[in-house]
Amino acid sequence: MPDAAQAGVAATGTGGRSRPRAVLPALCLTQITSWGIVYYAFPVLNPAITADTGWSTGATTAAFSAALVVSAIAGIYVGRVLDHRGPRTVMTAGSVLGALSLLVIAAAPNLRVFFAGWLLAGAAMAAIFYQPAFAALTRWWGPDHIRALTIVTLAGGLASTVFAPLTAVLADHMSWRATYMVLAGILAVLTVPAHALALNAPWPPAPSSRPHVTGGHQQVVRSRAFWMLAATFTFSAFAMYAVVIGLVPLLLERGYTTAQAAWALGLGGAGQTLGRTLYAALARHLGVTARTVTLIALAGLTTAALATAAGPYALLIAVSVLAGVIRGNLTLLQATAVTDRWGTTHYGRLSGLLGAPAHAAAALAPFAGAVLAGPLGGYPTLFALLAALSITAAVTAFGARPHSHEGITHRNRR
């Protein structure tokens, strides 16, 4: 609706004149760096950590997962701050805390301090990963936010491509502790000034709630649609991350080599980047409910295909790429879920509350998947169970359709 779109631009101050130009390139840089260093460096360095310290892989991975759980919880508070004050202070402080947490991890003399460092890193993740970046782009870019979100997530998708090899090169020439110290310095140098300087534009006032929304964010949080959507994203996130982590052992169990399994996983990541370029077109042709059900159901079907197809290898590669395409779209689906249903007025707060259980599920999924694979008789059966969970999520998505008084347009109900 043209009138609504124009009102949105005026309310959010996101016309071409007031949109800060440096924000988009800065967030592309900081998302690549933050994800690459705080998240993707760990799986590269973990074998060296366990070999040097004697700590078990389970213990070190538990510390990393604890960070993800802390990030999910802290994201609720971060969302509230974002709505009122904008992203500059939050993301700058998060960059500083992220660098300090890596120094604590690098210097950890025992497992207890190692855990403490990762708990600090979890708080930093909540302030520097996608959630605050999405909040900034949604408020500043207004009706054009999908394009901005797509660009930043495309950049974020390169994080492992850039920093996993860089971390490996550093680890070949120095200890894991020294590597983390170098990475902490890179994180500070690249992200602290970028957040402090590029995000200094005035934070536009929150637009008025949609005409049919009454009671503010409290009514939305209490609504059946919100809880059903939270359940949908939680089930979907658990299945998705368990599949990502379980793909390599699934292929190894079927007799493929480690290199073949790694290529399947890597090409799935490439599919994820491709998928994000397609989301804007998908959003134009499907309403929010149809879009949610379709994407999550397709994720379940690709998981079912991986559970049942033992080969040939080319087929498994194709399915992995298709699964990656779906995952790429799901990232943007979650980024736009609040805006599509309830507008941008309380985007940060609602996104934090909506994402907390999903992020916690994503953190626990790798452990749960590994634990369940044994009793279930192997990874094919586990993948079949995860496919069923995704289909369940697609069904619950039908219940995430807000009623008219919760502020959704007729088109977006489809």
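Select helix 15 (313-342), which gives the most to the lining of the largest cavity, with four residues. Helices here are DSSP runs (H or I, at least four residues), numbered from the N terminus. The model is predicted, so that local features need pLDDT of at least 70 and side-chain atom pairs count only at pLDDT 80 or more, while totals for chains, interfaces and linings use all residues. Residues are numbered from 1 along each chain as its sequence is written, and side-chain values use heavy atoms, with hydrogens and water left out.

Next, display Ser236, Met240, Val243, Ala299, Thr302, Thr303, Ala323, Ile326, Arg327, Leu330 and Ser390, the lining of the largest cavity. A cavity is a set of points on a 1 Å grid over the protein atoms alone where a 1.4 Å probe fits but cannot get out, and lining residues have an atom within 4 Å of a point. The largest cavity holds about 100 Å³ of space, a volume being the space filled by probe spheres set on points joined across faces, edges and corners.

Then move to the second largest cavity, of about 70 Å³. Select Val243, Val244, Leu247, Leu265, Gly268, Leu306, Ser320, Ala323 and Arg327 to show its lining. Helix 12, helix 13 (258-285) and helix 15 each give two or more residues to this lining.

Finally, select helix 3 (residues 41-53) and helix 4 (residues 57-85). Phe42, Asn46, Ile49 and Thr50 in helix 3 meet Thr57, Thr60, Thr61 and Phe64 in helix 4, contact meaning heavy atoms within 4.5 Å.

Notes. Axes are lines fitted to C-alpha atoms, for helices over the stretch in contact, and angles run from 0 to 180 degrees between N-to-C directions. On a 1 Å grid over the protein atoms alone, a cavity is a set of points where a 1.4 Å probe fits but cannot get out, and a pocket is an open set with protein on both sides within 12 Å along at least five of seven lines; lining residues have an atom within 4 Å of a point.
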